[in-house]
Amino acid sequence: MYIILLVFAAAVTALLCLLMRSYRAVAACALAGSLAVFVFALFTVAVWFGLLPGGYSALKFDGFGAVILTLIATVQLFAVAAGIPYLKAELEEGTITLSQVRWYGALIPLFVISMAVAVSANGLGLMWIALEATTLATTMLVAFYTKGGSLEAAWKYILVCSAGIAIGLIGILLLYYAVYLAGNGADVASVTWTGLLASAKTLPPAVVKLAFVFIFIGFGTKVGIVPMHTWLPDAHGRTPSPVSGMLSGVLLSVALLIIYRAKLVVDAVLGSSAWSDNFFIFFGALSVVVPVCFMIRQKNYKRLLAYSSIEHMGFAVFALGFGPAGVVFALIQIIGHALLKSALFFGTGNILLAYKSTKFEKVSAVARNLPRLAVLFTLALLMLLAVPPSPLFFSELGIFSLGFASHPYVSAIVLLALVIAAGSFFMNFMPMLFASHEHAQPLHQDKERWNAVHTVIAAALTLAAGFGIALLIGPGGQMISRIISIN
Amino acid sequence: MNPQLYRPLVDVLAGLMLVSGVFMLGRVRVRSLLRLFAAQSFALVLIAASGAVFEARWHLLITAGLVFAIKVVFLPLFMVTVMARGRVGERMTSSMRPALSMFIALAMVILGFYLTTSLIPTLGDNFFVAAVSISLALLGLLMLMTRKGLYGQIVGFLILENGIFTLGLALTGGMPLLVEVGVFFDVTIGAILMALLTYRVHGETRRADTENLETLID
Amino acid sequence: MNTLTSIVSTVLMLALAPLFIGCVRKFKAWLGNRRGAPVITPYRSLATLLRKEMTVSEHTSWVFRAAPYVVLSIAVLVAIFVPTVFASSSATGNLFLISALLMVGAGALVMGGMDAASAFGGMGSSREMTIAMLTEPCLIVVIAALGSVTGSWNAGGVVQAMAGAPWWFVHPFLIFTFAAFAMIVLAEGARYPVDNPTTHLELTMVHEAMVLEYSGPYLAMLEYASMLKFAVLALWAANLVVPYGILGAGASLLSGVVVFAAKFIVVAFLTALLESMVAKMRFYRLQEYFTTAYLLAFFGLILSLIF
């Protein structure tokens with residue numbers, strides 16, 4: 001029942017945030033609500049893993065989903081905490097109004113609800129509704145600043161994602177149809193992931209294959225798989241930084257989880273994963289290579305991080321094409337990326353507040369002006385580039401060891417792209433952090449104070465490093481493969 | 001009623017939906033576009049209602065009622081109202097000449113039929129409706145991609161949805177009622193959000209097309 | 001028997017064509033909340049024209065005087081070949097022959113319009129030629145689809161085949177062909193949205209511009225030919241879409257007459273409904289209209305070849 005409590009707590013938070021009259025009250029309310037969501041999510045996951053009594057058949061039981069739900073809970077807590085000083089500063093500057101803050105406080109819990117439901121719903125229909133609801137809840141957050149660029153980003157976001165998810169609906173309809181053809185007419189009323197897996201042998205392969213293609217293209221839009229990624233840099237570049245962190249860290253992973261479940265179904269129907277693996281390897285490699293071309297000469301640091309998100313999710317998609325071992329590494333990749341990329345996005349919020357620009361050319365000497373942030377930001381950057389003990393080091397090492405064995409040429413291209421991506425990160429971020437230009441100084445020279453953003457980044461770094469060390473000394477890898485095997 | 005008439009009735013109605021979709025591709029005035037969209041949605045209402053009457057799936061009547069209330073009446077009226085309040089010009093351009101987009105539409109429809117024939121050998125009687133609705137969804141996608149006017153893009157999205165709904169009715173005889181209501185809710189909110197965004201874009205740039213929405217490229 | 005029925009039904013059609021136009025006008029008036037002129041007005045105006053003196057410009061040649069005869073005789077021939085009341089499968093009603101006749105009629109009218117060398121005649125002729133050129137390929141494609149589906153290249157044969165196995169059961173994709181056919185009928189009949197049959201505004205008229213120089217009995221012949229052509233084509237379309245109650249295609253005399261009357265009224269009403277809903281298109285946008293028609297016809301043809 002904890003998931004119901006989670007939804008309830010988030011809904012109450014959304015309502016309360018709209019009613020509060022001062023910034024402090026909204027902030028306190030949002031933080032309390034997000035803590036409650038965090039706790040209930042952990043309880044839900046504990047029940048999933050059998051650590052607590054309870055159980056409910058209406059939910060989807062699998063380890064992958066449980067990990068994603070934990071990530072949602074963690075990142076949303078971080079994002080709300082990091083948002084408090086960020087929005088306060090913008091409110092004091094007059095960039096936004098209190099009513100906008102209230103809406104922000106209300107939309108974040110709705111976004112969290114829709115993601116949690118999309119992850120844990122067993123029925124495909126409910127899952128689709130929740131996934132579309134994530135788009136609707138975040139559109140207003142993307143359009144938060146109501147300026148030309150934000151509106152353009154929001155327009156592209158809602159249009160491209162809604163169309164993509166609608167195409168995914170065709171895939172789901174075809175799965176319904178497959179169940180209908182399989183003959184047990186009563187089952188049509190409730191097509192569930194578990195039901196599909198259980199009756200996989202009776203489903204007609206042709207229909208399920210077509211369904212998978214539609215689901216892959218449709219929900220792939222939401223993951224940011226390459227030909228359908230056009231909305232992603234705009235949306236991530238234009239939202240308030242805490243929301244960018246959530247979009248990049250967890251929303252993409254939620255959509256990827258759905259595609260992974262569809263892959264499990266089609267693999268069970270076909271009896272082997274050879275057919276679907278090709279999709280993942282091809283589109284994964286494409287999604288690593290193409291964004292790198294946009295990263296080299298990128299002028300905007302939030303967009304650079306957004307393109308890097310496409311690249312990382314592409315790498316996770318690539319990893320899913322390599323059988324059960326690949327799934328383990330993909331999950332490690334997703335965890336590391338969610339923690340580190342959201343931390344980096346929270347950090348960009350502070351830089352934006354100090355320099356009033358998201359252009360590299362307008363920002364320099366962050367290390368001198370914002371020393372604490374610069375240290376944390378550099379550490380997060382290095383870990384995102386898979387410097388050990390980053391978990392990404394293990395995932396990338398593992399995937400390449402699998403990849404070079406079976407697909408050496410594709411793997412070599414992907415590796416080259418990753419090297420170029422790392423190079424573009426150094427080339428663009430190091431001058432911003434450590435060089436100094438006359439025309440690129442902060443607008444006001446207050447001494448930097450430690451605030452919630454720093455705490456959050458430090459916490460995320462600690463979690464990521466701890467996870468990396470756990471992988472290094474052994475139990476982490478086993479743990480992940482045990483988690484994956486729970487179905 | 002003669003149960004034999006159900007299949008041809010649905011076939012003809014679905015065919016009319018596709019014909020109206022083809023007509024919509026060439027329309028430049030938002031009002032006539034919306035009128036055609038309402039007519040197309042009305043055909044969808046009739047399909048759902050005939051499913052309810054002929055096959056005794058009475059929950060489809062609720063679906064039909066929802067489609068009528070939302071797609072035939074509410075959304076067109078809402079968009080016209082928003083448009084009037086924003087004083088948006090009626091004419092919407094496309095990035096493609098109408099004749100060219102028509103021929104691409106032909107290719108799309110053939111692709112839709114091809115996808116249906118080659119991959120679903122099990123459809124039997126449902127073949128025509130399924131093929132038409134997939135083609136209609138592709139037409140909507142084409143319109144969504146090639147229109148410059150924001151209202152044109154919204155209508156493209158709604159045509160895509162109409163195609164998918166028809167497909168759902170053809171394949172499974174309608175999804176569970178709760179799911180259908182939820183899907184409807186999402187689509188409606190989505191269309192409302194899009195219209196409101198258009199209103200804001202217009203307030204910001206004095207235009208309701210993508211001319212001023214092409215700054216984010218690199 | 002067949003010959004007799006054929007003659008009787010053609011005569012019936014010849015007699016009823018002005019009534020059809022009168023009905024369309026009446027319904028259109030009703031839809032616009034007006035009382036409208038009596039349905040027999042077209043007969044009266046034709047009679048008036050026949051009584052009037054004829055003024056022929058001295059700059060005209062024999063072409064001007066020949067054109068009304070050619071146009072009228074072609075309209076009558078089309079009325080004989082096209083199955084409206086009665087469907088006969090004799091070889092005379094070849095589909096391509098009908099399409100060619102329509103083109104010859106248009107050509108004769110264009111010649112007559114240009115012969116007087118007035119500005120309007122030339123303008124109307126050039127427009128008419130453009131429209132005819134755009135209509136022709138659509139009509140050919142429609143005919144090809146009908147022929148390949150039914151296996152008959154005869155107008156009566158097609159209708160008989162349709163009556164044997166209604167298209168909505170066996171060939172639902174013909175809906176695209178019929179949509180295109182309806183658009184062509186509107187263009188051939190010089191109705192909305194291609195042409196405005198009542199206008200005398202120089203910017204918009206096509207058919208009226210060509211016949212502007214004609215008066216008296218010649219004008220009556222041209223007007224009557226135009227009415228006849230539209231009525232015949234519209235009822236042909238109705239017979240294809242609803243292939244019931246056609247003499248010679250499985251209907252008894254009584255049901256044939258009743259269903260014909262019903263179709264007559266319904267088609268007139270639908271035309272009026274359409275004309276009160278759509279606006280006339282700008283001439284330069286007509287190519288879009290015909291592209292749509294061609295596209296739909298082509299799509300119907302492709303599907304008829306595949307399935």
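Reader: Which chains have the most contacts between them?

Author: Chains A and B do. Two pairs of chains touch, and the A and B pair has the most contacts. Keep in mind that this is a predicted model.

Reader: And where does chain C stand relative to chain A?

Author: Chain A and chain C do not touch. Their nearest C-alpha atoms are 22 Å apart.

Reader: Back to A and B. How many residues of each are in contact?

Author: Chain A has 39 residues in contact with 36 residues of chain B. On the chain A side, α5 (124-142), α6 (148-182) and α8 (205-223) each supply at least two residues. The largest share comes from α6(A), with 19 residues.

Reader: What classes of residue are on the side of chain A that touches chain B?

Author: That side of chain A has 28 nonpolar, 8 polar and 3 charged residues.

Reader: What does α6(A) do next to α6 of chain B, in terms of axes?

Author: The helix in chain B is α6 (residues 150-172). The axes of α6(A) and α6(B) come within 9 Å and cross at roughly 5 degrees. The two helices are therefore roughly parallel to each other.

Reader: Which residues make that contact?

Author: From α6(A), they include L159(A), A163(A), A166(A), L169(A), I170(A) and L173(A). Y176(A), Y177(A) and Y180(A) of α6(A) take part too. From α6(B), the residues include F157(B), L160(B), I164(B), L167(B) and L171(B). E161(B) and G168(B) are also among them. By class, the contact of α6(A) with α6(B) has 14 nonpolar, 4 polar and 1 charged residues.

Reader: OK, now B and C. How many residues does the contact take from each?

Author: It takes 17 residues from chain B and 16 from chain C. In chain B, α1 (6-25) and α4 (98-119) each supply at least two residues of the side that touches chain C. The most come from α1(B), with 8 residues. That side of chain B divides into 14 nonpolar, 2 polar and 1 charged.

Reader: Switching to chain C by itself. How many helices and strands?

Author: Chain C has 12 helices and 0 strands.

Reader: What radius of gyration does chain C have, against a compact globule?

Author: Chain C has 19 Å. A compact globule of 307 residues would have a radius of gyration near 19 Å, so chain C agrees. Its C-alpha atoms fill a box of roughly 55 × 45 × 40 Å along the principal axes. Buried residues make up 55% of chain C.

Reader: And chain A? How many helices and strands there?

Author: Chain A has 19 helices and 0 strands. The radius of gyration of chain A is 22 Å, close to the 23 Å that the globule rule gives for 487 residues, so chain A is as compact as a globular protein of that length. The C-alpha trace of chain A spans about 70 × 55 × 45 Å along its principal axes.

Reader: What share of chain A counts as buried?

Author: Of its 487 residues, 61% count as buried. Take α4(A), residues 98-120. In α4(A), 19 of the 23 residues are buried. From first C-alpha to last, α4(A) reaches 34 Å, close to the expected 33 Å.

Reader: Is R303(A) buried or exposed?

Author: R303(A) counts as buried, because it has 22 C-beta neighbours inside 10 Å. R303(A) is in helix α12 (residues 301-320) of chain A. Leaving out residues up to four places away in sequence, R303(A) touches P233(A), G237(A) and Q298(A). R303(A) and T358(A) are 55 residues apart in sequence and 8.7 Å apart in space, C-alpha to C-alpha.

Reader: Last one. At what angle do α13 and α19 of chain A pack?

Author: About 110 degrees, with their axes 9 Å apart. So α13(A) and α19(A) are roughly perpendicular to each other. V327(A), V328(A), L331(A) and I332(A) in α13(A) meet I480(A), S481(A) and I484(A) in α19(A). By class, this contact of α13(A) with α19(A) has 6 nonpolar, 1 polar and no charged residues.

Definitions and conventions. Residues numbered from 1 in each chain as written. Chains lettered and ligands numbered in written order. Predicted model: local features only at pLDDT ≥ 70, side-chain atom pairs only at ≥ 80, totals over all residues. Contact = placed C-beta atoms within 7 Å. Helix = DSSP H or I, 4+ residues; strand = E, 2+ residues; numbered from the N terminus. Nonpolar A, V, L, I, M, F, W, Y, C, P; charged D, E, K, R; others polar. Axes fitted to C-alpha atoms, helices over the stretch in contact; angles between N-to-C directions. Parallel < 35°, antiparallel > 145°, perpendicular 65-115°, else oblique. Expected span 1.5 Å × (residues − 1). Buried ≥ 20, exposed ≤ 12 C-beta atoms within 10 Å, placed from the backbone. Rg over C-alpha atoms; globule rule 2.2 N^0.38 Å.
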